[in-house]
Amino acid sequence: MSSAVTKVAQPAESVEASRQVPEPASTGRSTGPSAGPGNGQGSNGPSGTNPGPRGPATDYSGYPLVAAKHPWRWVGTAAVALGVAAVAWSLATNPRWEWGVVAQWFTAQSVINGLLETLKLTAISGLLGFVLGFILALMRLSASPLLVSVSWTFSWIFRSTPLLVQMLLWYNLGYLYEKISLGIPFTDVRFFEVQTTTLISQFAAAVLGLTLNQAAYSAEIIRGGILSVDQGQLEAAAALGIPAWRRSTRIVLPQAMRAILPTAFNEIIGLVKGTSIVYVLAYSELFYTVQVIYNRTQQVLPLLLVATLWYVVITSVLSVFQYYIERHYSKGAVRTLPLTPLQKARKFFATHAVAPNRARSPR
C-alpha cells in the first residue's frame, strides 16, 4: 500500500517541480519604459539581482550642436597665409627676378638639349645602379663570407667618398692605367685592348661615377627592404615546398617593395639633382648648359631659375609616378586603396553637385 502511494506521489512532485522554473538572470538591458526594477541597467550583486531601478533616459534632441573651437589653428593658418602672400607678392613685383628672361630661355633649344642629357644620365645611371645594387644586396645576404665581404667593402668605399671625387677619379683613370684590356688573367692572352682615354670619355666617366655611387646606396636600401619581410613567411613557404626562386619573387620582393620604394624614389630624385656635378667634366647637361649661357649673357639669376624650374618639373613628375607605384604595391597591406587625386576630385564634385539638386527638388 505504501509503495502504491509512493508511485502516485512521484508524478505530482515532478509536475510541481516543473512548474517552478527559475527566472532568467538580468542581462542589464531595458526592454522599454515599462521595464521593472530588476531589468534596469546597473551592476549586479552577488545574488545576480540589480541593486535598484534606473531613471528615464535623457533626451538630447533639444540640445544645440556647438562646433569645437580651434583659435590657435586659425592664428597659425593666418600667419602662414600672410607669409605665403608676402613671398608671392615679392616674386611678382621685384623686377630683378627678370621673369621675361626666364620665359625666353626656359624652352630654348640649348636648354632643352641639356635637359635631355640630364634625363639620359638619370635613366642610365639609375637603372644600372639599382641592378648592381640588387646584386650587391643578394651578395650581402648570402652565406658566403667572401661575397659578404666584397659587398660590404664596395658599399663602404663608395659611401665614404664624395661623388665629385669619384667623378674626377674615373675621368683621370688614364693616368693610372694607359690601356684597358680583357683576356685571361696572369697570361699574355688578350681578347680586347683599348686606350683608357679613348674608352673613358666624359659621358662614360659620368655614367660610371653616378652608377657606382648609386649602387652603393641602392644595395643598402634593397637589403633593408628584404630584411623587413617576416622570416616566418619564408619558413611557411619552404614548408609548403615552394621553390626558392618563387619564394623570392612571389613572396619576399612584393612585400619588400613597400619598404624599398619610398627611399628608392628619394635616391632617384637625388640622382636627378646629382647629375649637376657632371659640370666639372664639361659635359653639356642642364646645369653646365645654363652656366655656359649666363657666362656669355651675364644673366646669372634668371638662368639659374631656368635650371631650378626644370629640376622642379622633373621631381614633380617622379613624385606622381612614386605615388601610383606605391599605391599599387600597397594592395596587400590595406583593406581599401586610397583614392587617387582624380578620384578625390570626382567624388568632391559629385557630392557638391547632388546636394544643391536635392535642396531644389520639391518634397
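This is a predicted model: local features need pLDDT of at least 70, side-chain atom pairs count only at pLDDT 80 or more; totals for chains, interfaces and linings use all residues.
Side-chain values use heavy atoms, with hydrogens and water left out. Glu98 is partly exposed, with a relative accessible area of 33%, where buried means under 20% relative accessible area, exposed means over 50%, and partly exposed covers the range in between (1.4 Å probe, protein chains only).

Glu98 is located in the loop between α2 (71-93) and α3 (99-106), the helices being DSSP runs (H or I, at least four residues; strands are E runs of at least two) numbered from the N terminus. Although Glu98 is not a glycine, its phi is positive, at about 55°. Most residues other than glycine have a negative phi, and most peptide bonds are trans. A positive phi, of about 60°, is also found at Ala282, which is likewise not a glycine. Ala282 belongs to the loop between α10 and α11 (286-297), and with 35% relative accessibility it counts as partly exposed.

Charged side chains were examined next. Side chains of opposite charge can pair when their charged atoms come close. With a salt bridge taken as a side-chain nitrogen of Lys or Arg within 4 Å of a carboxyl oxygen of Asp or Glu, the count comes to three salt bridges. One of these joins the side chains of Glu117 and Lys120, with an N to O distance of 3.3 Å. Because Glu117 and Lys120 are three residues apart in helix α4, about one helical turn separates them, and Lys120 is partly exposed at 35% relative accessibility.

A second salt bridge is made by the side chains of Arg140 and Glu220, at 3.0 Å from N to O. Arg140 lies in helix α4 and Glu220 in helix α8 (residues 202-227), so this pair ties together parts that are 80 residues apart in sequence. Glu220 also forms a salt bridge with Arg223, the closest N and O atoms being 2.8 Å apart. Both Arg223 and Glu220 lie in helix α8, where they are three residues, or about one turn of the helix, apart. Glu220 itself is buried, its relative accessible area being 18%.

The two helices linked by the Arg140 and Glu220 pair also pack against each other, α4 and α8 meeting at an angle of about 45° with their axes 5 Å apart. Axes here are lines fitted to C-alpha atoms, for helices over the stretch in contact, and angles run from 0 to 180 degrees between N-to-C directions. This angle makes α4 oblique to α8, given that angles under 35 degrees count as roughly parallel, over 145 as roughly antiparallel, 65 to 115 as roughly perpendicular and the rest as oblique. The crossing of α4 and α8 is right-handed, a term that applies if the near helix is turned clockwise from the far one by less than a right angle, and left-handed if anticlockwise.

Helix α9 (residues 231-239) packs with helix α10 (residues 244-274) at an angle of about 160°, and their axes are 11 Å apart. The angle makes α9 roughly antiparallel to α10, and α9 passes α10 in a right-handed crossing. Within helix α9, Glu235 counts as exposed at 58% relative accessibility. Glu235 and Arg247 are 12 residues apart in sequence, while their C-alpha atoms are 9.8 Å apart in space.

Helix α4 (residues 109-141) also holds Ile135, which is partly exposed at 43% relative accessibility. Together with Leu127, Val131, Phe134 and Leu138, Ile135 forms a nonpolar patch on the surface, with about 440 Å² of accessible area in total. Patches are made of residues with over 30% relative accessible area and no salt bridge, like charges being joined within 9 Å and nonpolar side chains (Val, Leu, Ile, Met, Phe, Trp, Tyr) within 5 Å, and accessible areas come from the Shrake-Rupley method with a 1.4 Å probe, only the protein chains shown counting as cover for residues. Asn113, also placed in helix α4, is partly exposed with a relative accessible area of 37%. Asn113 and Leu286 are 173 residues apart in sequence, yet 7.7 Å apart in space from C-alpha to C-alpha.

Note on methods. Residues are numbered from 1 along each chain as its sequence is written.
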